[in-house]
Each structure stands twice: as structure tokens, then as C-alpha cells.
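Thanks for coming. I will take a few minutes to go through one model, starting with the strands and ending with the pockets.

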Amino acid sequence: MKADLDLVAVELTVVLGSAQMPIYKLLRMGRGAIIELNATENDEVQILANNHPFAKGHVVVAGSRISVEITEMLKRPTVYSLETVADAA
């Protein structure tokens, strides 16, 4: 069973910040455009696994390498099945 889990690919995404803008500005952007985010260099980042939040962390820069240090693991959301909903009723 463990060997099977070792083969499962997980996409990790680190969210540094976000921005909102009108579509016309987005369409006018080209190479070299800078998008200002609603975050600072010391803010926590959100870490997603397959687009699901699972941890928070901080960006660490060491030389030319950028890493993320996990500072908090998030609780998994409760997943309800038909049996558990029926039992609760």
C-alpha cells in the first residue's frame, strides 16, 4: 500500500498574495508588467496541495534559492458521508 502512495503526484502551490484589477488592465499587460500584490515580504503564505489549503508558512531566501518554511499545518475539513449524516439525524 505504501508503495502505491509513493506514486501519487501532488501539485503544491504557494500563494504569496492576490490582486484585483479590471479586465481591460489585464488584457493590456505584456512582458515585464508588474502586478502589485496585497502582501508584504514578511506576510504568511498559504500552501495548497492540489488547490486545497493544507499549511501556512514563510518565504525563506538563502542565496539564490527560495524556499517555504511550514509554520502551521491546517486542520482537514470534515468530510460527511451519507451514513454519518443519516446517523446524526
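First, the ground rules. This is a predicted model, so local features need pLDDT of at least 70 and side-chain atom pairs count only at pLDDT 80 or more, while totals for chains, interfaces and linings use all residues. Residues are numbered from 1 along each chain as its sequence is written, and side-chain values use heavy atoms, with hydrogens and water left out.

Now the sheet. Helices (H or I, at least four residues) and strands (E, at least two) are DSSP runs, numbered from the N terminus. Two strands pair if DSSP finds at least two bridges between them. Four strands make up an open sheet, in the order β1-β2-β3-β4, with antiparallel pairing. β1 and β4, the latter covering 65-73, stand at the edges with a single partner strand each, so one side of each has no neighbour in the sheet. From one strand to the next the twist averages 40°; the axes behind that angle are lines fitted to C-alpha atoms, for helices over the stretch in contact, and angles run from 0 to 180 degrees between N-to-C directions.

Going through the pairs: β1, residues 12-15, meets β2, residues 45-49, over four antiparallel bridges. Within that pair, Val14 has Ile47 as its bridge partner, and Val15 stands opposite Gln46. β2 then pairs with β3, residues 52-62, over five bridges, again in the antiparallel sense. Ala49 is bridged to His52 of β3. The hairpin of β2 and β3 has two residues between the strands, and Asn50 takes a positive phi there, near 50°.

Next, the loop between α2 (23-28) and β2, where Leu37 lies. Leu37 touches Leu16, Gly17, Ser18 and Ala19, leaving aside residues up to four places away in sequence; contact means heavy atoms within 4.5 Å. Leu16 is 21 residues from Leu37 in sequence, and their C-alpha atoms are 7.9 Å apart.

Asn42 sits in the loop between α2 and β2 as well. Asn42 counts as exposed, because its relative accessibility is 61%. From Asn42 to Val60, 18 residues apart along the chain, the C-alpha separation is 9.9 Å.

Last, the pockets. The search runs on a 1 Å grid over the protein atoms alone; a pocket is an open set of points with protein on both sides within 12 Å along at least five of seven lines, and lining residues have an atom within 4 Å of a point. The largest pocket holds about 200 Å³ of space. His52, Pro53, Phe54, Met73, Leu74, Lys75, Arg76 and Pro77 line that pocket, with β3 giving the largest share, three residues.

The second largest pocket has about 150 Å³. Its lining consists of Leu16, Gly17, Leu37, Ala39, Thr40, Glu41, Asp43, Val45 and Val59.

Methods. Buried < 20%, exposed > 50% of the residue type's maximum accessible area, 1.4 Å probe, protein only. 1 Å grid on protein atoms, 1.4 Å probe; cavity = no way out; pocket = protein on both sides within 12 Å on 5 of 7 lines; lining within 4 Å. Points joined across faces, edges and corners; volume = space filled by probe spheres on them.
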